[in-house]
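Please examine the sequence and the model shown here.

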Amino acid sequence: MMQRRTILGGALAAPVLLAGRGALAQGSGPIRIATAGPMTGQYAAFGGQMREGAQQAVTDLNAAGGVLGRQLALEIGDDACDPRQAVSVANQLASRQVALVAGHFCSGSSIPASKVYGDEGVLQISPASTNPAYTDAGGWNTFRVCGRDDQQGLVAGRYIAQNMRDRRIAILHDNTAYGRGLAEETKKSLNAAGVQETLFSAYTPGERDYSAIVSRLQQAQIGVLYVGGYHTESGLILRQAKEVGLNLTLIGGDALVTNEFWQITGAAGEGTLMTFSSDPRKRPTAAQVVQRFRARNVDPEGYVLYTYAAMQIWAAAATRAGGTDPRRIAALLKSGGPWASVLGDINFDQKGDVTVPDYVFYVWRNGSYAEM
């Protein structure tokens, strides 16, 4: 396997081009595909998951002969979960004529980037962006292999209403497209079940001291805290709340699905709940790929396998289409399923959403998380 690094400039990470020697010797060269997400910054744990999934997918596809007889070359873009940086990354990836972007991670990045990709003729399959607007207002090119916030929030709100309605509930969010959207959908579901939260408020992401928020939670005697946001702030708020003796249960969404959460909370994270799809690492369709990851001492947690699946499905569609024309592949993805993947068989609706999301609850115990 030959590896070559090229700086695309600006905010992009140094993209890794993984392609076989034979492909590079051909006149047509490799097919460029990409993943883009927070490779740096406070959410880099998720960018790392995407990078691992993408690199393994490209390695496996190339080992099997590539796509359409050509090897694949992987570009990696770093948006740091910043919308403006995401637009810059999208323009640069489009200029390199990538056939697919498996990204971005944050909804606030995927939504503006998708407009660039749509205009430039690039197919986008997000492994992780859950805000409904990504596909609701998306163009011909937007797909995702994860669920949506209105599905995830529905599950969370119903659970809180059924199991914790006798406790005082606070809902916080970080004002991002992902965090606020998830918090609002959870609130909507909770209220529809006849339960009213005590507090609904925003916090500023990236801070190190959330004592003012913790004080509000303490004064309101909050027993259940739902956070629409990422593991960095959620973990810090929880730890600081426990330090002042506030005994509450933290509930969050899929952005807590990283072992880094426990590194932030320590024992304070015990009993934290979160919603995510049923563990892809345990699915029979992923067994062989999971073994390959673990042979490299990589835990394919979180969105590793989702990124792998996005590339796997694109490769299958390109093979069936007999070419890499993005509009033809997009039409085929919406009509030609089911698509076999490490996540199982996937069908897309006309918006580009998966037709059967399966959100479940996980609990953190002793430094790791497992389905309830």
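**A strand and its neighbours**

Val 224 in S10 is the bridge partner of Ile 169. The model is a predicted one, in which local features need pLDDT of at least 70 and side-chain atom pairs pLDDT 80 or more, while totals for chains, interfaces and linings use all residues. Residues are numbered from 1 along each chain as its sequence is written, and side-chain values use heavy atoms, without hydrogens and water.

Helices (H or I, at least four residues) and strands (E, at least two) are DSSP runs, numbered from the N terminus.

Two strands pair if DSSP finds at least two bridges between them. S8 runs parallel to strand S10 (residues 224-228), with 5 bridges joining them. S8 also pairs in the parallel sense with strand S9 (residues 199-202), over 4 bridges, and His 173 has Ala 202 of S9 as its bridge partner.

**The largest pocket**

The largest pocket holds about 200 Å³ of space. Among the 15 residues that line this pocket, Val 145, Arg 283, Ile 346, Val 354 and Val 356 are the closest to its centre. A pocket is an open set of points on a 1 Å grid over the protein atoms alone, where a 1.4 Å probe fits, with protein on both sides within 12 Å along at least five of seven lines; lining residues have an atom within 4 Å of a point.

Note on methods: Grid points are joined across faces, edges and corners, and a volume is the space filled by probe spheres set on the points.
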